[in-house]
Amino acid sequence: MTSLTVDQMAVNTQKHSLEQEVNAYLLTTASGNALLIDAGYEDTTTFIYEFTKHREATIQGIYLTHYHPDHSLGAPELAQKFNCPIHCHPLEYPRLTSLYEQHGIPVQNLDIRADLIPTSKIILEDHTLDIVFTPGHTHGHIALYDSLTQVLFTGDTVIPGGTVWIGPPDGHLADYLQSLDALCAFSPKLVYPGHGAVTHDPVPLMLRMKERRLLREQQILHFIKQTPQSIEQITKELYRGSIREDMLWVAKKTVQGHLQKLIDERQVTLSYDSLTFNALYRANERPEV
Ligand SMILES: [Zn+2]
């Protein structure tokens, strides 16, 4: 087995209000064959390009964990410079192409392949990466797994020291919790996340992330069991004093993700106040059947 070098490129964007630092990864074999996992933002391509040149790497493809701009907007320029395709999951394809169109990037000039599905593998000389479907943060999110070294590239499914954004329209909390379980089942030794530091022995971290979500869910249920509440009331109650006012909209979307899961599970019903028409969430006495 030839050696494989993994370079974590933590690049800084000025264009994203929530996440300024994002990771892209360069995997290079001893003979210089290489691939990129994620591609940073449009203003971080110079660093990735120069670093790749410095490694004397020949890029065979750019593999996107998901379509979000901080991971994908750098891909078109890099794909053009490296003359290589961009790969994503089929569910990400329409979102990715519409994101590019919104940014004035002509998609017809790009070779975008919606082929990152669990039955396909990425081959880099004698190294193989498996595609793991990990929906939740987005509907077509994927992780990449090297079973020989038990190394996982998780994209935004795992963010050490941060919170993974799970809210509408992209997020789905029940899917996300299942994806965390699926990643834990590999018993990975190392995680290369979409944001934050490389993490050794990541299973306890992933279990804690799941626990935190379930705890929050219990808090929400507790509030609305006392009295039906609007999403604004629940958000204020949960986050009072702990986040900035201008970030409350993010918290509100996260709460919305929780409520959607509880509605799907029939633990909560959305109803409307007969006088004010405000949307109120009420806990069901016992789950409806
Ligand atoms: Zn993301």
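A: Helix 6 and helix 8 are roughly perpendicular to each other, a label for angles of 65 to 115 degrees (under 35 is roughly parallel, over 145 roughly antiparallel, the rest oblique). Before going on, this is a predicted model, where local features need pLDDT of at least 70 and side-chain atom pairs count only at pLDDT 80 or more, while totals for chains, interfaces and linings use all residues. Residues are numbered from 1 along each chain as its sequence is written, and side-chain values use heavy atoms, leaving out hydrogens and water.

Back to our pair: the axes of helix 6 (residues 203-226) and helix 8 (residues 248-264) cross at roughly 80° and come within 10 Å. Axes are lines fitted to C-alpha atoms, for helices over the stretch in contact, with angles from 0 to 180 degrees between N-to-C directions. Helices are DSSP runs (H or I, at least four residues), as are strands (E, at least two), numbered from the N terminus. Helix 6 brings R213, R216, E217, I220, L221 and I224 to the contact, and helix 8 brings T254, V255, H258, L259, K261 and L262. Contact here means heavy atoms within 4.5 Å.

Now look at the loop between strand 12 (199-200) and helix 6, where you'll find D201. D201 isn't a glycine, yet its phi is positive, about 45°. Most residues other than glycine have a negative phi. With 54% relative accessibility, D201 counts as exposed (exposed is over 50% relative accessible area, buried under 20%, partly exposed in between, using a 1.4 Å probe and protein chains only).

Another aspartate, D156, is buried, with a relative accessible area of 3%. H66, in the loop between strand 4 (58-63) and helix 2 (69-72), and D156, in the loop between strand 10 (151-155) and helix 5 (173-184), are 90 residues apart, so the pair links distant parts of the chain. H66 is buried too, with a relative accessible area of 1%.

The loop between strand 10 and helix 5 also holds P169, joined to P168 by a cis peptide bond with omega about 5°.
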